[in-house]
Amino acid sequence: MGRAPSPFATKIPYEKKDLKIVGSNPTDRGDAVDKVTGRARYAADITLPGQLIGRVLRSPHARANILSIDMSAAEALPGVKSVVTCDDFPDMAVEHAASGELMVNFRDVTRNMMARENVLYDGHPVAAVAATSDAIARAALKLIKVEYEVLPHVIDVVEAMQPDAPVLHDDQFTKGVEPKPEKPSNIAARLESKLGDIEKGFAEAEIIIEREFNTKPVHQGYIEPQASVANYTEGGLAEVWTGTQGHFVFRAQIAKLLQMDMSKVKVVPAELGGGFGGKNNVYLEPLAIMLSKKGKRPVKMVMDRDEVFRATGPTSGTNVKVKMGCTKDGRITAAQAELNYQSGAYAGSSLPLATITVFTRYDLENVSVVGHDVTTNRPKVAAYRAPGAPMVAFGVETVIDEMARECGMDPIDFRLKNAAKEGTQTHFGPKLGPIGYIQTLERAQANAHMKEKLGPNQGRGVATGFWFTLGAETSATVNIGEDGTATLIFGTVDVTGGSRSAFAMIVAEELGIPFEKVRTMSGDTSALGFNFMTAGSRGTAAGSMAAVTATRKAIARMCEIAARKWEVETDEVVWEDGHARPAGANVGDFAPMSVAELAKEASWFGGTIAGHAEINVAQGGPGFGTHVVDVEVDRRTGAVKVLRYTLVQDAGKAIYPEFIEGQFQGGAVQGIGTALNEEYIYNDKGVLENAGFLDYRIPVASDVPFINTEIVEVPNPDHPYGVRGIGEVPIIPPLPAIANAIFDAVGVRMRDHPMSPPKVLKALKDQMIADASSQGTAAE
Amino acid sequence: MAKQYVTTTVNGDLTELLCDSTQTLLDVLRDELGMTGTKEGCGTGDCGACSVTLDGVLVCSCLVLGIEANGKSVETIEGMAKGEELHPLQQKFIDHIALQCGICTPGLLIAARSLLEENSDPTESEIRYWLAGNLCRCTGYHKIVEAVQAAAIEMRGN
């Protein structure tokens, strides 16, 4: 998960207690009124006095050397105030840093935000301008003269791995191979993860199934295009308002890329219009700052939708081979996978995550996973909700469905027989703690969904998913107002509105004051210590640990105030039910003091009440989920309709249950989109052909049914309220669950993603031809 | 090119403005009038985030020119609540958690209001097909459909 977990990370033991607020569903969450009235301020809504509009010129070629760039005509256009190319940014050496769940390399980050010696994908930024209007900026782009030497390109992952494939980087030698290869290749790295003896495992197997799967890249599809507003002042200070999942990480990257002191860069996270991992990377921010610096005015940059598709995200396209063996009574004896993952133009896909998550739902003795990270002429991939996991689950959960059928077992019984549980040794290292996987399977099995009758061409599929809960640096401040109300300043980006409400509930619970008396506000990079990104399902889980820590410090401060007033020792005061109270009858007969009463006395007894947290939250509390889907296949068109959908997931503890349902439903529908429609389509020149929502079709309301949800609660032992991350698991099972349902409906196995009408229709026709020829053979 | 003089009514207020003949109604609302409640998700009429009504007709404001609003009445999200009192759809969207990131919410609310003006008692299917032009990537639409159903019941008064 990016970085190794720190041995000094914070764990706060789970305490079972009666809860008044946590676990309820407040109807007055802090962000909602502004969002339904149009007042919420997203980055594109911010306008600074005198601001210019910045725009990016992008490569029309999949791969080319840049021979020359002539900005003179663009620069001379009246209204153009500044232009930038790679010459305005220092080159960077190889240096890796965590940026969400994926790692970045600054040598590549600077090239990805502005091409240097070459362009490596359709949409690669080549130059940028800032002008007094959007129209002038667009006109200026047309005046930039770029001389390209177009080179052969490669889009497909398997083709890119071939020895004769065009090689994107002549200094890229496959890592993880001994001895170091003599020739450069598109295979940036080879990874392995092993447990037990795979040969022995296959020798013990009575049933062995080996299959190959292919998936296309899909985009995060957030509705808000990337947007940034930057202001660089003559004093050498930069301020940026931007849509980001991690403003502190962005500040660090901006400072590095522009060689500024971090203290001189302030990043303000605007309300975020969706991210799903796609807003973990800087694209516009350094360009906007540099255009502002050179143009001496603020600069706003907003991507068009086609730029979002061509140059941000997507996830990896993959080629996955899965081979698994089991006994006839359904015990898995061996599990093997080869994972070939596109990273796009620069190395570094979600492969490391895929490699360690591929089989981590099962209690296995013999595992072997090999993965390749492969550069291709596509945009550099970004994280997308459980990055890398849906594609491997497609393979593994489909093969498991086949094995269960071969064994004559119910697919959930088969999984129960092999399910991971507390103490299961994972193939990537740690043993699992208490987890709720088995409960999700059992609850799914018992769900009324399972009793619904299926008609002709209808089928039911099951699949499961697993994801981590990332910890990492998290900071927060609780300020108690003089009137006894509380303000929490949090530093993890709240991507949906759910976190800030959950934080408020927890602060209110800890303090013993009503939910309405707590306000939560996002702190910019100048307000708090460093916070890692909202990634790895950590936003609410880690953010609430910081909120608890800060609140408990404020409570300690309040106990100190009471002690001073009562003239007793601080340890003779306890906090119970929203009041400071004497610890026992021997302390004295003092009336308990409420937060409001203590706040009133605070000035005299030492000053303002506040609490701070600057912690590194321990990684932990993995989440598991089981999905059941019913589909109907239209044999004439190949269209697959989702009829019914049920999702059961372990949330550890649901702080705000209805919001968690919303996350489950949203993740499942994103997964349905991945399964049935979404894919990047390139032409033979390596140009993206569907860079818009008309041709890249994400699910609409009429495509999906209601998504039934059940929350399982197996507390995370290292979180004071038992919380697990919940955001990512829901997107993992839909792809294989739907593939399994299609098989159940019409008897064809779909192994090429997406399972769009043309592909399903072709599979049905191939099946008819195969059936006809086998009948012909039988008749002879 | 000289700017065009446009008089229009926005949320009941008579509004005069100058705009380029190439500017969309969305650009005019956001950039000329500072009404940023209407969002741009695609600029090509595919996502519905910029939904407004023009003389009562639901449109994507990115597909309408600003000068087409001349002499017409535009209703945007900023006009939906009456003072502090939210429209029933706005309240039900909050109650049912029909919004997460919120970028699609203004467009969805405008579109849902149009639906309920045409059909006060829509079926689930009618709601889903009416809102099919409004993309939401966060919610999976479940709670949006529930919120519209709940608002319809309240607005019918039964």
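Tutor: In this predicted model, 45 residues of chain A are in contact with 42 residues of chain B. On the side of chain A that touches chain B, helix H1 (32-37) and helix H17 (657-676) each supply at least two residues. H17(A) gives the most to that side, with 8 residues. By residue type, the side of chain A that touches chain B divides into 21 nonpolar, 15 polar and 9 charged residues.

Chain B has a local feature to describe. Strand E1 (residues 4-10) and strand E2 (residues 13-19) of chain B pair in the antiparallel sense over 7 bridges. Within this pairing, B:Thr8 stands opposite B:Thr15 in E2(B). E1(B) and E2(B) form a hairpin with 2 residues between them, and B:Asn11, in the turn, has a positive phi of about 50 degrees.

Now the chain on the other side of the contact. Chain A contains 19 helices and 28 strands. Its radius of gyration is 28 Å, close to the 28 Å that the globule rule gives for 780 residues, so chain A is as compact as a globular protein of that length. The C-alpha trace of chain A spans about 100 × 75 × 55 Å along its principal axes. Of the 780 residues in chain A, 59% are buried. Among chain A contacts between residues at least 6 apart in sequence, 80% join residues at least 24 apart.

Chain A is divided into domain 1 (32-40 + 470-617), domain 2 (48-153 + 226-301) and domain 3 (422-462 + 621-767). The C-alpha centres of domain 2 and domain 3 of chain A lie 36 Å apart. Between these two domains, 5 residues of domain 2 of chain A are in contact with 4 residues of domain 3 of chain A. The domain 2 side of this contact divides into 1 nonpolar, 2 polar and 2 charged residues.

Leaving aside residues up to four places away in sequence, A:Val507 touches A:Val478, A:Ala486, A:Leu488, A:Val518, A:Ala547 and A:Thr551.

Some backbone details of chain A remain. Most residues other than glycine have a negative phi, and most peptide bonds are trans. The peptide bond from A:Glu178 to A:Pro179 is cis, with omega near -10 degrees, and A:Pro179 is found in the loop between helix H5 (157-160) and strand E9 (187-195) of chain A. The bond from A:Gly313 to A:Pro314 is also cis, with omega near -25 degrees; A:Pro314 sits in the loop between helix H9 (305-311) and strand E15 (318-326) of chain A.

A:Lys296 is not a glycine, yet has a positive phi of about 60 degrees. A:Lys296 lies in the loop between helix H8 (285-295) and strand E14 (299-302) of chain A, and is partly exposed, with 13 other C-beta atoms within 10 Å. A:Asp577, likewise not a glycine, has a positive phi of about 55 degrees. A:Asp577 is in the loop between strand E22 (573-576) and strand E23 (579-582) of chain A. With 9 other C-beta atoms within 10 Å, A:Asp577 is exposed.

Methods. Residues are numbered from 1 along each chain as its sequence is written. Chains are lettered from A and ligands numbered from 1 in the order in which they are written. This is a predicted model: local features need pLDDT of at least 70, side-chain atom pairs count only at pLDDT 80 or more; totals for chains, interfaces and linings use all residues. Helices (H or I, at least four residues) and strands (E, at least two) are DSSP runs, numbered from the N terminus. The radius of gyration is taken over C-alpha atoms; the globule rule is 2.2 Å times the number of residues to the power 0.38. A residue is buried if 20 or more other C-beta atoms lie within 10 Å of its own, exposed if 12 or fewer, and partly exposed in between; C-beta atoms are placed from the backbone. Two residues are in contact if their C-beta atoms, placed from the backbone, lie within 7 Å. Domain bounds come from an automatic or database domain assignment. Ala, Val, Leu, Ile, Met, Phe, Trp, Tyr, Cys and Pro count as nonpolar, Asp, Glu, Lys and Arg as charged, and the others, Gly among them, as polar. Two strands pair if DSSP finds at least two bridges between them.
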